[in-house]
Amino acid sequence: MRRRPGTNRPYWCSRRLGAYGLFLCLASAYTLVVCRHLLVVSSEDDGAKSRGVATGQFEWNGNDQISTISGEVAAPSGGRSAQAAPRPSPKDGAINKTKSPVVSINGHNRAVNGGDKAVAVAIGARPKAVHRRRRRNVHVPAKYNSVDVPIRMVHPSINETSILNWSLSKNVWNETTTFDQMLKSGNSSALPSIGAGQRAVVILHLSPKMGSLTLRLACKNLLQDKCQVENDKVKDPPGYDDVAELSKLIVRCKSINHFCLRRDMFDPRKPEQLFENIAFLHLYPFRQYDEWTLSAHKMPFDRGGEKLCAKMKALFDDCRDEHGELSFRKYPKVELSDFRSQIAFLRDRSGSSSHHIILHDFKDIDRLLSLLSVTYRGLGRMIGSSRMYHASNVKKKGTCDMKILKAYHECFTKDLTNLP
């Protein structure tokens, strides 16, 4: 869709269109609603029309297509009742040719399996989850989708390390899993070994409510003090949200071996992001999922009270994964899943460099960095990683309405144990 220069609005949202443009904007926003659970149905049975109610659920993928419908389609004043069932994937774009219900959204009819032909109009209830994950520009060859990636879990306090492939670790990692359970699920191992002449570089992949502010400021101060690199953003270090810029800083600032990165990974197709003779230690924080959601759910209340809670509620009422802290896509397990095939591709193309994934308890980050500095010669300590910038903040008593957290879980949490 074409956008107006310098704005995020489509051309037809131009102020020049006045009331008509506003109407189109509102109409387009309405079409993005994804409804389920309750339908008002007009059924047709050999020419006889009737009106009834369908209960169950259906899902709309945003392209006027119904992906699933389940439940009863009842026509009380004529016609036959229908038992709806999940629609199989159509072949060659053809929709099931048997007599089937048709769901209408904004005038666009789409057929689904089962029973009488029906026209249904959605009227509210919980939408389908909308995962606005970062759109990756990296094309990963299909063969890497099935390549496993080893995950090392390190507990620096007891100097214990275990290793487990992603395909197994993702099955262990659910809403209530603790880091000790993750550690015990793997096989005993050692920290990654690096080749002679390789430079050890730590990449801190940060997530909200897991000490990210402390580490972002530490990364920023390192770049400013040792490499004279400034950033206009108050809290974020240079390259934090731009992997291309970060790649240049890694090559330029050889006296720095700790860098912060937000939800991204190097592009194996670009030679400048493959590097030479660098052993990358990718650190991902772990925090029990249920504990993390409770903490992230409280943050808006601490910052702005009920006003910010209401804004969060509006997002989860529509199942939009767009909140700053309580965001499913920002949870480390989801991020690892999203970039697993890219990491496998990267490991295969690394040449003289290497990439290792380390999972750690977020509270142990300073101890882990200390352990790594002793293990890998030349890595050095990361100054500032022990500071607790949020510790002095006075937290308000109370939290956002727990119904908001319940809505979040209904939208997203079921996907935590179904990640690829």
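**Note on the disulfides**

1. C319 counts as buried, at 1% relative accessibility; buried means under 20% relative accessible area, exposed over 50% and partly exposed in between, with a 1.4 Å probe and protein chains only. The model is predicted, so local features need pLDDT of at least 70 and side-chain atom pairs count only at pLDDT 80 or more, while totals for chains, interfaces and linings use all residues. Residues are numbered from 1 along each chain as its sequence is written, and side-chain values use heavy atoms, with hydrogens and water left out.

2. C319 forms a disulfide with C411, the sulfur atoms being 2.0 Å apart (a disulfide is a pair of cysteine sulfur atoms within 2.5 Å). The link of C319 and C411 is left-handed, with -75° about the S-S bond. C319 sits in the loop between α7 and α8 (332-349) and C411 in helix α10, so the pair ties together parts 92 residues apart in sequence. Helices (H or I, at least four residues) and strands (E, at least two) are DSSP runs, numbered from the N terminus. C411 is likewise buried, at 1% relative accessibility.

3. A search of the whole structure finds four disulfides. Another of them joins C309 to C400, with S to S 1.9 Å. This link of C309 and C400 is left-handed, at -80° about the S-S bond. Both C309 and C400 are buried.

4. C219 and C260 are also joined by a disulfide, S to S 2.1 Å. The link of C219 and C260 is right-handed, with 75° about the S-S bond. Since C219 lies in helix α4 (residues 212-227) and C260 in strand β12 (residues 258-261), the pair ties together parts 41 residues apart in sequence.
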